[in-house]
Structures are given as C-alpha cells and as structure tokens.
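Please open the model in your viewer and keep the selection panel at hand. The stops below say what to select next and what is to be found there.

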Amino acid sequence: MKIAVALKQVPTRDALLRLSESKSWIEERDVSFEVNEPDAYALEEALQLKEKHGGEVVVCSLGPPRVQQAIKEALAKGADRAIHFEDTQFTQLDANGTATVLSKVLESERPDLVLTGLQSDDLGYAQTGVILAERLGYPHATIVMEIQIDGEKLRVKRELEAGWFQWVSMPLPALLTIQSGINKPRYASLRGIMQAKSKPISKVTAGELGLGSEDLSPKQNIVRLYVPERKSNTEFLQGSAQQMAAQLVDKLRNEARVL
Amino acid sequence: MTISRETLEADVVIVGAGPAGLACALRLAQLGADSKGRGAASSLDPENVYVLEKAAEIGAHCLSGAVLDPRSLAELIPDFLKAGAPLTPVSKDSVHYFTRHRSFRLPLTPPFLRNHGNYVVSLNRLAKWLGQKTEQAGVSLFAGFAATELLVEDGRVVGVRTDDKGIDRKGKPKSNYQPGYDLRAKVVVLAEGVRGSLTKQLIKQFGLEAGNNPQTYAVGVKELWEIPQGRLRAGEVIHTAGWPLASRQFGGGFLYGLSEKEVSLGLVAGLDYEDPRFDSQEAFQRFKTHPFVRKLLEGGQMIRYGAKAIPEGGYFSLLPTAVEGALTIGDTAGFLNSQRLKGIHLAIKTGMLAAETIFEAHSADDFSLARLSQFEKRWRESWVHQELWKVRNYHQGFEGGFWQGILHTALQMVTGGRGLRARYPSEPGHLRLKKLSEALPRNPELKADGKLTFDKLHDIYHSGTAHEEDQPPHLRIGDFDICNDRCTREYGNPCQHFCPASVYEMETSPDGSRRLKLNPSNCVHCKTCDIMDPYQIIDWVCPEGGGGPRFEGL
Ligand SMILES: Cc1cc2nc3c(=O)[nH]c(=O)nc-3n(C[C@H](O)[C@H](O)[C@H](O)COP(=O)(O)OP(=O)(O)OC[C@H]3O[C@@H](n4cnc5c(N)ncnc54)[C@H](O)[C@@H]3O)c2cc1C
C-alpha cells in the first residue's frame, strides 16, 4: 500500500510572534518551526499502517529550504522518501493553491491513501486536504480518530461534536484528514536519523509542474494580522441562586463553549 | 526491568553543540577533508563524528552576551564574514558606574573592555550558523538527544549513553518509549558548557579538581528588546558596574546593540553573594529602572528572556583537560576570561585544538592518555594560555568586594597578572551565603509594571521554554527534609530566589506547613541551582532531549 502524507512546517507552539512590516504575516527571523501537530499524528498513522499492511510512505511538503528539517524528521521516523515542493511561487499560497500543487504530483503517484492533518496550527483553514481530495477525485473523511483497513475497504471513525463519533465506510483510494490524539507519535531514533541521510528527497518546482502564477493566484488573502485586543468584561448575573446557576450553565455552554 | 539498548560505534562523540563542540566537529571534518585531498588512505570520516545536543535545534540552548573576539573564528573559517556569519562590528565602547539615580561614565575604557575589532553577536544565531556549516561538512549532528551518562570501563571513558525517551512521571515507559543508545567512541569530547552534568560525573569518577582552586560562577540574566531607532548604535557596547548590585557583590550590567533596533541587555551577578534572598531576575528588573537604561528601553518591546551560569574562576580553576578516553573543552573545563567576560573565542579555540589532537591520534590509531594529553600541551602553548595566565587572579581579587577588586585588578595589571601573590585562593561561592539571621534587611519587593519590568512568570514565558510534561523530574533533590525544615529555618529556601525561572516554589499545605514544590518544566537550563544550593543536594540532570528553552536571538 502506498501512503502519501502531507506535512506542513509551522511556527512552534507558544512561539513568540512579531508581526511583519506588512502586517499581513509574521516576522520569520528568530522563529523556530516544527511539524504541524495533526500532521505529526498523520505521519505516525501512516507509519503504523505500513507496519501492518506493508508498502511505502511518501512525505510531501511545500515550503522554503527550512522545511527540509521537517522532512528529515519524517524520514528519520521511518518514511521511505520525500517530495519537497520548493519555489518562490509557493510562498504564502492559500489552501487552494497548496492543494493544486500537491495534486499535480499525487495524480501521477496515485497513492492508495493520502493522509493530511485536520488543519494547520498557523492558518487553521482545514481546507487543504478536502480540496486535494476533490482535485484527485478521491473520497475523503475529515477529523479521523481511527482507521481500519480490510483489503480494498476502509472504515474510519470521525469525531463529531459533543463527544459523538461516526463510523464511515469508503473505498480506497481515499484521503483522510487526521485529528490530533489518534495515536502517540514516536520519537526519531539515532539510527533512523543516520538512515534518513540516504533516503531520496526529490525537489519539485512550479515550472516542472507546469504551474504558472495564474494557477496559483490566491482565492483568499490575509488582509490584516493583529494581536488580539484584550478586552476584559465583567457581567453580573441576577436572580435567585437557581436562576443564576441556570444562566451560568447557559453562558458556559453557548458563549464560552466550555461545557 | 532490564533494558535492551542498541549500541552504536562512532570514532568521536562530542557532547554539546555550543561554540566549543561545533568548532571541534567542524575542525575534525576540515582536517579529514584536507588529508583525503592529499590522498591519505584511512582518513577520519566526518560521518563518524557524532555531536549530541540536548536542545531541539542547534543553538536553542545557547545564550551569551555577547561581544565576540573573532580571533579563533578567523582561524576556523577565515572568510567568516563572506560566509555570512551573523555579526555586527563593534562601533562604540563605554563603561559606566551606576548609583541608584545617577551614572558616571569612565573617562577611559580600561584596556580589557575595549572592543574595537570585535563583534556584537547573538550566540544563538552564531551557533545556528556554525551548526549549518558543520552539517554541510558531513558531521553527524543529533539535535534533541541528551547525553545522560558517561560509559566508563576499567578507568577509561568509552562512550556515552543517550537519554531514554517516552518515560512517564513515575519512571514507567509510555507506548512510544524509546531506550537511549550506548554510543561507543575512541574518544569522548565534553563540550557541555558551564557545569556540565557528564562533566560532574567525570570529576567524581576520576577525582579531578584536586590541587586547584574550586570553580566559581556567576549567573547572567538577560532580555532581548526591540527599541525605537536612534537610541543606540548598531554595534554599540556599554558595560556598567555598581547599582543594583551591592558593593560586596561581583558582577555588572551590559547593553549591546545588535542592530539599531535590537538591544541585548543583561545583568551578571557572582554566585558568591551573601544575601540568601538575592534574586538575579529581580535585580535585573531593577537595573532596567535606572534612568540610563529606562531612557533606552522606554516604548520598546521585550522579545526574549533567558539566563545561564558562567564559570568565572579562570586559570586556577581549570579542570585537567585530558583523561583516559576523554577531553574537556570550552566552558565545561572552565576556559573563560572573566576580566573580559569572554569565553566564546576560547571555546572555539579549545575545540579546534582538541580536534587537532584527536585527528593525530586517529591517524596514529593511538588514543592513549599520553596521546590525548597533547591537547593540554597544545592549549598551553597557544594564546589561550597567555590570555588566561594574564588574568589568573582577576576574579579572586573581587572576593572582598567591588572596590578591593578594582585595586587588585590595577595591581595585577602592572605585575603581569600576579598581584599580591602567585595564586589568589578562592572558595566555592555557595559557602559565602549567609544565614537568614545574619542577613541585612531587604529591599522592598519590586512591583513589575508589565512594560519595563516583568515578574518571573512573564519573563519565563518569553524564554520559549517547553518540556514534555509527563517525565521524571530532572532536578534530583537529595533530601527533601532538608528543604522543608532545615533550609527553611537557616536560609529561608534561597532556591525560590536564585532560580530565575520559578522552578522552586514553597507551597503551603492545608496543615500550614510549607513544602518545596518543583516546576521542572519551567527550567531554562541555567544550572544556577546545582551551583548555588547551600547544602549541595540539588543534582541537575538532563531532561528528555528536545525539551528546554528556545533562546532565539539571545
Ligand atoms: C550572560 C552571559 C554573557 C556572556 N557574554 C560573553 C561575551 O560577551 N563574550 C564572550 O565571548 N563570551 C560571553 N559569555 C560566555 C560564553 O557564552 C561561553 O563562554 C560560551 O558559550 C561557551 O561555549 P561552550 O560551547 O563551551 O558552551 P555552551 O555555549 O554553553 O554550549 C554547550 C552546549 O551543550 C549542550 N549540552 C550540555 N550538556 C549536554 C548534554 N549532557 N547532552 C547534550 N547536550 C548538552 C547545551 O545545550 C549547549 O547547547 C557570556 C555568557 C553569559 C551567560
């Protein structure tokens, strides 16, 4: 079974971010990057499926030279090879652009399964995987918490709201977007890092894919990025203890959404 | 549980990817490439040089001032400027003496603080850059792997063990458990920086240090700020003495212009102070309220925070640098010129000299102690010895306080470093800590304003520190009863104050008793606790590799 995993490199969680001059992105100097969290789970899932069913894991990542670090980490954990989409034209693509680029190579790779993270920690669109499935003509399921494969058949457990789950059956090939927590990602081992040095990483540019700037022109733009303005708000609930408790529950459930 | 570990064989294992470890690795790769170029048959393959770094990324645990003396960098990478080293030439130098409200500029900068020809750097950025060069040269760099134990057989260091990953708080393996490796090597190079944990093991097992002065330390607490343009020149270097440190305290402040908009500033305080309630992070916050500093920072933004200890003892506190199977280089051995507050150039140089020694040993296939001791000979014959010999009594001269120190320094300068005697003795700094009952009344606590001054938690957040939460504590306390009873009475638990990252907290339990609570995930790996604890019962060991601060830009 051939499994492709789309990996994105994002600023580390809790990274201290400064806005760039243009106020539409962050200052990338002095920021450290890591593999987007749900993507790390997607990779682990792919590696475990490979261990069970055999086959190959191909990692795809789009971005500047720094993403080599994320790619190497994936290879060190056990992926077999990688495709690095590197081109100045690929900077700051929207989800549609990223999916377009990825689909160009995956159309010819024809993997049995494509795994992506549910969403990226930086932009949080949750669209790249879905659009990619559409472009490839694959069925897809999102927010996946468990995968069962039986021959040509795929059964997956999706997370719904409020503690509900849903089981879905679908044919292969398919695309799944993976939720964090589906497994416990492994560590890269020393030996794995040594072996990764000789694993192939192929580089792909826009020209090689026959993509011009029209194909990649964004359908979505970031207009302005800003640090959330802190507003502290105190509200007093009125009524009897019972009424206030009911109001509080209502607010916690529907406004704060913590219940 | 018996753990089955995989064993890997390397030629050289280097512990720590700071300037010392990276320079050693890069020099080994250069020498290997040179001799291969000359057609040598069995050359050292850089791939068999393993560098272990506990930080998730090279440079993430590197924190310094810093003003770099480029002497050794120029020897290692002659075209370092063209090759893109992240450096800002020093443009201006001054020294100021602070009182609470005023500052007096020294009319002349003393020669050892003149920095013409030097560079202002962020060691984090420099190490990252050196790391890339080292990796390109073919060395095997492993970030996110800590060396947790020296492997010693029959009185010889034969390798190191790497950290076990995926162990929970109680010491049980988790589902992603991965045992550490036993890395065996012909020679192990310890480049752990100040107060290395394997170096501690080495000192103990090989009975090192005998006959010398003990090592003495300082801690440096710093922040990186973005300030409005026009207040400080790029490359401007300012040193301060005096307030907020007491006159009996060793140390001073620094402000370095990394660019016109970025200033690195910090306070260095000797870890041989007397007041058990002294808190370096708080003293540094006070430092920023001095009118001179405030004027520079006002309206700016704090970007990063961090802290790290510094070995100050100098020449007479150096460890023996070669033992059976191992060499020590850089800060971990004590190579630092405390008069100039400079160690990076010595770290690089000792790394290079160690590499040259190892390369010869490898060519001769002889890693005996006699051969490895050539390293000791090499640095003694180099400018490293000259530089450290001249200031051999500097730090000890300050043990009587600032003004005595100034007198000793002047005297030592005219006597070629000797001063009043051939070797000024010293004692471990923690022994000078006074009991609470003898301490002077304390300054009122500083109220952080959240703009210029910050409380510890705010600062820690800006160190980018993160650890896997579910792992055993990496601060091993020998006896909690001492903490909860004797220390409370005698010293008032100074750990709460000397830790610049709030790892140590005294918690009041429901029955009113106070107990020590550890927050290991706050730890910025500065090593102050291991050094300053008056009972010496804190043992700092490496947490799971990859955890710790992210000192970007520091
Ligand atoms: C506040 C401050 C200001 C300073 N100012 C200056 C200055 O202006 N100029 C100057 O030249 N010097 C200055 N110094 C000193 C200088 O930073 C040090 O001398 C220098 O960093 C020493 O280099 P090193 O490679 O020996 O150690 P480090 O730079 O400390 O590097 C050691 C590395 O080893 C890693 N490590 C440690 N133990 C392990 C382990 N067991 N396993 C794996 N990895 C490990 C650490 O994470 C770290 O990355 C300053 C220091 C401080 C703290």
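Begin by selecting A:Arg13 and A:Glu37, whose side chains meet in a salt bridge with N and O 2.5 Å apart; the term stands for a side-chain nitrogen of Lys or Arg within 4 Å of a carboxyl oxygen of Asp or Glu. A:Arg13 lies in the loop between β2 (9–11) and β3 (33–35) of chain A, whereas A:Glu37 belongs to helix α1 (residues 37–53) of chain A, so the pair ties together parts that are 24 residues apart in sequence. Helices (H or I, at least four residues) and strands (E, at least two) are DSSP runs, numbered from the N terminus. Over all chains, the same rule gives a count of 56 salt bridges.

This is a predicted model, in which local features need pLDDT of at least 70 and side-chain atom pairs count only at pLDDT 80 or more, while totals for chains, interfaces and linings use all residues. Residues are numbered from 1 along each chain as its sequence is written, chains are lettered from A and ligands numbered from 1 in the order in which they are written, and side-chain values use heavy atoms, with hydrogens and water left out.

Next, colour the strands of chain A. Nine of them form an open sheet of mixed pairing, in the order β9-β8-β7-β10-β6-β1-β4-β5-β11; two strands are taken as paired if DSSP finds at least two bridges between them. At the edges stand β9 (165–171) and β11 (201–204) of chain A, each with a single partner strand, so one side of each is left without a neighbour in the sheet. From one strand to the next the twist averages 30°, where axes are lines fitted to C-alpha atoms, for helices over the stretch in contact, and angles run from 0 to 180 degrees between N-to-C directions.

Within this sheet, select β1 (residues 2–7) and β4 (residues 56–62) of chain A, which pair in the parallel sense over six bridges; A:Leu7 stands opposite A:Ser61 in β4(A). In the loop between β6 and α4 of chain A is A:Ala126, which has a positive phi of about 60° although it is not a glycine.

Now show both chains and turn to their interface. Here 21 residues of chain A are in contact with 32 residues of chain B, contact meaning heavy atoms within 4.5 Å. Across this interface the rule finds six salt bridges, and B:Lys261 forms a salt bridge with A:Glu21, the closest N and O atoms being 4.0 Å apart. On the side of chain A that touches chain B, helix α5 (residues 190–196) of chain A gives the largest share, four residues.

Move on to chain B, where six strands form an open sheet of mixed pairing in the order β9-β3-β2-β15-β22-β21. Its edge strands are β9 (140–143) and β21 (322–323) of chain B, each pairing on one side only. Strands β15 (residues 187–190) and β22 (residues 326–328) of chain B pair in the parallel sense over three bridges, and B:Ala326 in β22(B) is the bridge partner of B:Val188.

Finally, select B:Trp243 and B:Pro244, which are joined by a cis peptide bond with omega about 10°; B:Pro244 is found in the loop between β17 (236–242) and β18 (251–257) of chain B.
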